[in-house]
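Me: I would like to learn how to read strands, cores and contacts in a model of this kind. Could we take it one feature at a time?

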Amino acid sequence: MFIHLGGDVIIRSKDIIAILNCDVKEQSQITSTYLKEEEKRKKKIVISTDYIKSIVLTNEEVYYSPVSSLTLNRRAQGKALMDLHHEHDEDSETS
């Protein structure tokens, strides 16, 4: 399944490593340092320069999204539940 991060950016939900609230960058020195290192190793994508609410980490990119981390987490959980339901339906059909 896919998750819409804002703007015209959509990524595969299975590629997501973490969804963080943007405020965590200022609240934790460890997290701030970690994110700086990730930005050096990965491609940084700022979806909207107007307002950044969340940071989404994947294996290849660091996304700065205008969509709140709570909303993105709900989307990801909804997709995961849909995937589980779909897998259960497929298992039921083969039994």
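Me: Which residue in β2 stands opposite Gly6?

Reply: Please keep in mind throughout that this is a predicted model. Strands count as paired if at least two bridges are found between them; here strand β1 (residues 2–6) and strand β2 (residues 9–12) run antiparallel and are joined by 4 bridges, and the residue opposite Gly6 is Val9.

Me: What do β1 and β2 form, and how many residues lie between them?

Reply: The two strands form a hairpin with 2 residues between them, and in the turn Gly7 has a positive phi of about 55 degrees.

Me: Which residues make up the largest nonpolar core?

Reply: A nonpolar core joins buried residues through side-chain atoms within 4.5 Å. The largest one in this model has 12 residues in all, among them Ile3, Leu5, Val9, Ile11, Val56 and Leu72, and the elements that give two or more residues to this core are β1, β2, β3 (16–21) and α3 (69–94). A second, separate core has 6 residues, including Cys22, Leu35, Val62 and Tyr64.

Me: With which residues is Val56 in contact, leaving aside its neighbours within four places in sequence?

Reply: With those neighbours left aside, the contacts of Val56 include Leu5, Ile11, Ile16, Ile19 and Leu72, and also Glu61.

Me: Why does Ser69 count as buried?

Reply: Buried means under 20% relative accessible area, and Ser69 counts as buried because its relative accessibility is 11%. Ser69 lies in helix α3 and, leaving aside its neighbours within four places in sequence, is in contact with Ile19, Leu20, Asn21, Lys53 and Ser54.

Key:
Residues are numbered from 1 along each chain as its sequence is written. This is a predicted model: local features need pLDDT of at least 70, side-chain atom pairs count only at pLDDT 80 or more; totals for chains, interfaces and linings use all residues. Side-chain values use heavy atoms; hydrogens and water are left out. Buried means under 20% relative accessible area, exposed over 50%, partly exposed in between (1.4 Å probe, protein chains only). Contact means heavy atoms within 4.5 Å.
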